[in-house]
Amino acid sequence: MNNNLLIALRPSKTRHSLCVAALCMTFSPFLWAECTYQVTNNWGSGFTAEIKVTNNTNQTVNNWSVSWQEANASVTNAWNATLSGANPYTATGLSWNATLAPNASASFGFQANGTAGAPKVNGSLCDNNTQTSSLTATSSSVRSSSAISSVSSSVTTSANQSARSSASSVSNWLFEENSLGFCNYSGVVATNHAGYTGTGFVDSENVLGAAINWSVSAASANTYAISIRFANGGAATRRAAIVVNNNKLLSVDFPSNNNWAAWQTVTVNVPLNAGVNSLKAQAETNDGLANIDSISIAGLGITPAACPTTAVTMDCNSITDQPVLRVAADGSATYRTLQAALNTLPATNTTPTQIRIKPGVYREKLTINKPFVTFCGEAGKQSSTILTNNDSASTLKPDGTTLGTSGSASVTLRANDISMENITIENTFGVGSQAVALLAQGQRLQFRNCRLLGHQDTLYVHSGTQYYRNCHIQGTVDFIFGAATAVFENNTIHSVGGGTAITAPSTEQQVPYGLVFLGGKVTAVSNVAKGSVALGRNWRPYGAATYIRTELGQHISNVGWVKMSENTLDTARFSEYQTTGAGATTSGRAPQSRQLTAAQAATYNINSIFGSWVPSYSK
């Protein structure tokens with residue numbers, strides 16, 4: 001049956017018979033096919049379009065192919081199809097969408113420079129008829145960024161994706177490296193593995209926190225599907241935080257398939273605001289990100305946006321407008337110890353100063369009492385830049401009395417405006433007594449890419465305002481404790497042995513926020529029993545601790561929160577919001593704890609918690 005005959009038979013969608021030249025035929029509804037060409041975004045000097053092929057026959061179609069010619073434009077790239085030719089262009093299906101069952105559709109998109117038109121699409125499934133249209137963005141109900149109810153992700157490969165169709169009202173914008181909307185990255189654009197699109201792919205630094213940033217404009221506030229094309233030939237899955245407008249929404253795994261040239265796609269559904277949005281994929285493992293080829297975003301009215309013009313400081317080592325004191329344990333710098341370098345500053349120091357630390361083991365009991373100092377290890381060298389001691393609360397002083405919990409600290413910080421980055425602080429005393437690695441007391445203290453290691457009472461957040469980002473904090477009992485207002489964003493909180501609880505806040509009653517965990521994950525070594533560790537217990541009656549979108553391991557108990565000594569949970573302020581993982585079974589939580597609403601959780605942000613102070617490490 002030829003196309004002309006199909007067109008002649010098209011008017012009716014009811015089953016009936018027709019006899020032509022003594023040939024009687026019976027046909028059913030949709031015994032034809034069609035193609036649609038739709039301009040999905042148009043900015044004058046260029047546009048994106050989508051071609052949809054629909055198999056309305058009653059036979060399965062294999063290896064569909066279409067062609068078309070642009071009158072006043074040239075196609076620069078395409079997605080969800082293989083593109084060939086140079087005006088006219090030909091597109092053929094990929095392995096996952098080349099076969100169309102009856103009534104199935106396949107869509108592909110492309111970007112072009114020039115003026116959009118309404119060309120005819122040719123192909124065996126196009127019925128010699130092309131429907132053309134332009135996208136009209138319709139407004140949807142505005143969705144507040146604080147009312148995020150869920151996000152999801154899925155991973156597909158070029159060999160196992162099922163046939164899928166796209167709604168004709170949805171556009172798909174492809175963001176490649178070195179193009180509008182692609183802002184900055186930690187690493188290099190590489191070409192040493194086959195199969196990439198565009199000019200290459202981003203090979204990130206193999207460090208925790210390595211990131212790629214994009215800038216996107218959305219016509220309306222809505223949820224959009226973001227697909228990230230990646231390759232991971234390493235030995236292990238790599239994980240990244242998906243950050244939208246400086247808020248981490250979820251963590252995404254990029255599984256390994258042991259082949260750097262075998263590209264996969266992970267798709268996440270995330271909310272975007274109307275207007276310009278910042279997107280970030282940030283490594284949550286020490287191996288950095290998978291190789292990232294591109295991202296594409298499907299939804300109404302997606303276009304690239306100009307990147308922020310303000311410079312982003314990726315690391316303390318990039319700061320060039322401050323005095324620098326250099327320390328090396330091997331004697332290759334001006335100072336051998338951090339204390340020696342710190343002692344050169346006046347007690348009332350007001351000049352922001354860098355103390356740059358070469359990798360090495362610094363066995364000193366450091367006391368920091370000078371403000372406006374950044375202790376800066378080399379990027380990616382935190383595991384080999386170690387400040388260490390082994391005192392415990394029971395260690396005797398020369399006068400025969402014990403040091404006590406505060407006196408056991410390897411590093412004691414009692415000053416304002418201190419920053420630490422790329423450093424390990426540890427107390428190696430072991431189990432059996434309180435043994436503090438870091439005691440932090442002061443206003444506007446911030447830590448990034450640090451490792452805080454100990455057992456009982458590892459981190460004493462004594463008082464003040466403190467911010468921790470991309471850090472690894474480990475211990476056994478109450479290993480994050482104190483009265484400070486402290487935010488922990490995208491950290492790994494790791495139990496290295498059995499213990500009653502992770503946190504022991506002693507928040508004062510009049511202080512609205514205590515210990516706040518934004519994202520990140522709570523993990524444990526394998527010998528920590530399932531359900532044996534609480535999220536927190538109240539050192540003081542009004543202790544406050546909150547976990548928001550944090551992944552909780554199976555070692556977290558169902559009750560979640562327990563009291564300390566004679567304190568009652570009735571006055572404690574313990575809460576969660578959208579925690580995930582094996583330890584997030586909230587039905588058995590202590591009745592005095594709360595599951596926050598979206599509106600309540602939205603108040604747990606940097607501006608609300610810290611007021612006028614915005615930590616530079618949070619940007």
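Modeller: C316 and C376 form a disulfide, with 2.0 Å between their sulfur atoms, the term being used here for a pair of cysteine sulfur atoms within 2.5 Å. The link has an angle of 85° about the S-S bond and is right-handed. Its two ends lie 60 residues apart and belong to distant parts of the chain, C316 being in the loop between β23 (303–304) and β24 (324–327) and C376 in strand β28 (residues 373–377). Strands and helices are DSSP runs numbered from the N terminus, a strand being E over at least two residues and a helix H or I over at least four.

This is a predicted model, in which local features need pLDDT of at least 70 and side-chain atom pairs count only at pLDDT 80 or more, whereas totals for chains, interfaces and linings use all residues. Numbering runs from 1 along each chain as its sequence is written, and side-chain values use heavy atoms, with hydrogens and water left out.

Both partners are covered: C316 counts as buried because its relative accessibility is 2%, and C376 counts as buried because its relative accessible area is 0%. Buried means under 20% relative accessible area, exposed means over 50%, and partly exposed lies in between, with a 1.4 Å probe and protein chains only.

C450 is in no disulfide, and the nearest cysteine sulfur, that of C471, is 4.8 Å away. C450 is also buried, at 2% relative accessible area. C471 is likewise in no disulfide, its nearest cysteine sulfur being that of C450 at 4.8 Å, and C471 too is buried, with a relative accessible area of 2%. A search of the whole structure finds 1 disulfide.

Contact here means heavy atoms within 4.5 Å; among contacts between residues at least 6 apart in sequence, 70% join residues at least 24 apart.

The largest nonpolar core has 57 residues, and those with the most contacts inside it are F375, L438, F447, Y468 and F488. Such a core is a set of buried Ala, Val, Leu, Ile, Met, Phe, Trp, Tyr and Cys residues joined through side-chain atoms within 4.5 Å. Strand β33 (residues 438–448) gives the largest share of this core, with 4 residues. Setting aside neighbours within four places in sequence, the contacts of Y468 include L438, F447 and F488, as well as E489 and N491. A second, separate core of 33 residues includes Y224, V252, V266 and I292. In soluble globular proteins, nonpolar side chains tend to be buried together.

Within β29 (residues 385–389) sits T388, which counts as buried because its relative accessibility is 1%. The side chain of T388 is joined to that of E426 by a polar contact of 2.8 Å; the term covers a pair of N or O atoms within 3.5 Å, where within protein one must be able to donate a hydrogen and the other to accept it, and residues adjacent in sequence count only if both atoms are side-chain atoms. Beyond four places in sequence, T388 also touches residues including V361, S410 and T428.

An antiparallel counterpart is found elsewhere, where 9 bridges join strand β17 (residues 222–231) to β20. There I226 has V268 in β20 as its bridge partner, and β20 is mostly covered, with 8 of its 9 residues buried.

Technical notes
Pairing = 2+ DSSP bridges.
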